[in-house]
Amino acid sequence: MSLNHVRPWRNIYRRKSRQIMVGNVPVGGDAPIAVQTMTNTLTTDVAGTVAQVQAAAEAGADIVRISVPDEASSKALKDIVRESPVPIVADIHFHYRRGIEAAEAGAACLRINPGNIGDEKRVKEVIKAAQDHNCSIRIGVNAGSLEKHLLEKYGEPCPEAMVESGLEHIRILQDNDFHEFKISVKASDVFLSAAAYQGIAEATDAPIHLGITEAGGLVSGTIKSAIGLGNLLWMGIGDTIRVSLSADPVEEVKVGFEILKSLGLRHRGVNIISCPSCARQGFDVIKTVEALEQRLEHIKTPMSLSIIGCVVNGPGEALMTDVGFTGGGAGSGMVYLAGKASHKMSNDQMIEHIVEEVEKKAAELDAVAEAAE
């Protein structure tokens, strides 16, 4: 929960959901909102898939999903799970046997789609496998693959149809005394997704997996996801998220964290506050920020950095950040530490210097956190 007693207009009151476990990652309740992504390598390419999982984990992914489309993928999944640093969710479509095999291979969670997994008898067999292997389940409702009877009833994918699909599947799980599940109701349309998620949030206390499915490329998909997921998170809805982009999975993780960081729901790495630049800038803001984003990717400690081109807003922004740099004249600017003007630094040495100051501050914050444990 994001609470601020000094600035109550920043408060977010999270929906009360029960907590489940995805491997060693708690989802729901008062647990931090988990960030997920999905590999796009062939699952049978164990080395390539493991490398992608590790890169995603290094970027901050708490959970990674892997498609299991055939028996060969099920066999490869066992090796991938063994080498993965984070819990693996097996993405199951069309064939219930893959779900059983994935549970046996050590998947932490099974993602099953009510629209294509098969009849209730087959779902029961998947549930039994999940129970036997301590595996949770995500009910993954998707507007693009709703059950035929719901499409006939409602005429088209709509929020009511998606919620009904999810609740029908929840009933099957609960009737089989299975309660370790979360649910998603995704669509590529932001309005449809938001309405469906609001409906399912009111209808169940299950943890909710948020996503705008098939959101698009890096830029367009980021914007759609930020609007859709950001508004739902602001309302307190959502216990784990996946940003679906036609891009490298690492980019999905980065965007997911940036959405959560902007709402004060997760804190990881350096939050760079920078101006768009204009004719007043005392240095090349855009190139500087691009360089710093790359140079500071290794920092995991939550902290803030302001990079402002001139003194209009620079000193004010620096007051609120751990480290800051404000452009000045004559080829130099002012370095701020803990909100206070500290010393001048030439523009041609500023990037190296800022990296050093950020690393120093991160080490200090880590030492304080370690001492408090």
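Mentor: A residue counts as exposed when its relative accessible area is over 50%, and as buried when that area is under 20%. Please keep in mind throughout that this is a predicted model.

Trainee: With those cut-offs, is Ala-338 buried or exposed?

Mentor: Ala-338 has a relative accessible area of 57%, and it is therefore exposed. Ala-338 sits in the loop between β14 and β15 (340–346), and its phi is positive, near 55°, although the residue is not a glycine.

Trainee: Which loop holds Ala-330, and what is its relative accessible area?

Mentor: Ala-330 belongs to the loop between β13 (323–327) and β14 (332–337). With a relative accessible area of 86%, Ala-330 is exposed, and this residue, again not a glycine, has a positive phi of about 55°.

Trainee: How should I read the pockets?

Mentor: The general idea is that a probe the size of a water molecule, rolled over the atoms, shows where empty space is left. In this predicted model, the largest pocket has a volume of about 910 Å³. It is lined by 32 residues, of which Lys-254, Glu-258, Lys-261, Glu-293 and Glu-297 are the closest to its centre.

Trainee: Which element gives the most to the lining of the largest pocket, and how do the residues of that lining divide by class?

Mentor: The greatest contribution comes from α9, with 10 residues. The elements that each supply at least two residues are α1 (46–59), α8 (218–234), α9 (249–262), β11 (270–274) and α10 (285–295). By class, the lining divides into 15 nonpolar, 7 polar and 10 charged residues, and at least three residues are drawn from each of domain 1 (10–263) and domain 2 (270–371).

Trainee: How much space lies in the second largest pocket, and which residues are the closest to its centre?

Mentor: The second largest pocket holds about 580 Å³ of space. Among the 22 residues that line it, Arg-10, Lys-261, His-267, Asn-271 and Ile-273 are the closest to the centre. Two or more lining residues come from each of α9, β11 and β12 (303–308), and the largest share, 3 residues, belongs to α9. The classes here are 6 nonpolar, 9 polar and 7 charged.

Key
Residues are numbered from 1 along each chain as its sequence is written. This is a predicted model: local features need pLDDT of at least 70, side-chain atom pairs count only at pLDDT 80 or more; totals for chains, interfaces and linings use all residues. Side-chain values use heavy atoms; hydrogens and water are left out. On a 1 Å grid over the protein atoms alone, a cavity is a set of points where a 1.4 Å probe fits but cannot get out, and a pocket is an open set with protein on both sides within 12 Å along at least five of seven lines; lining residues have an atom within 4 Å of a point. Grid points are joined across faces, edges and corners, and a volume is the space filled by probe spheres set on the points. Helices (H or I, at least four residues) and strands (E, at least two) are DSSP runs, numbered from the N terminus. Ala, Val, Leu, Ile, Met, Phe, Trp, Tyr, Cys and Pro count as nonpolar, Asp, Glu, Lys and Arg as charged, and the others, Gly among them, as polar. Domain bounds come from an automatic or database domain assignment. Buried means under 20% relative accessible area, exposed over 50%, partly exposed in between (1.4 Å probe, protein chains only).
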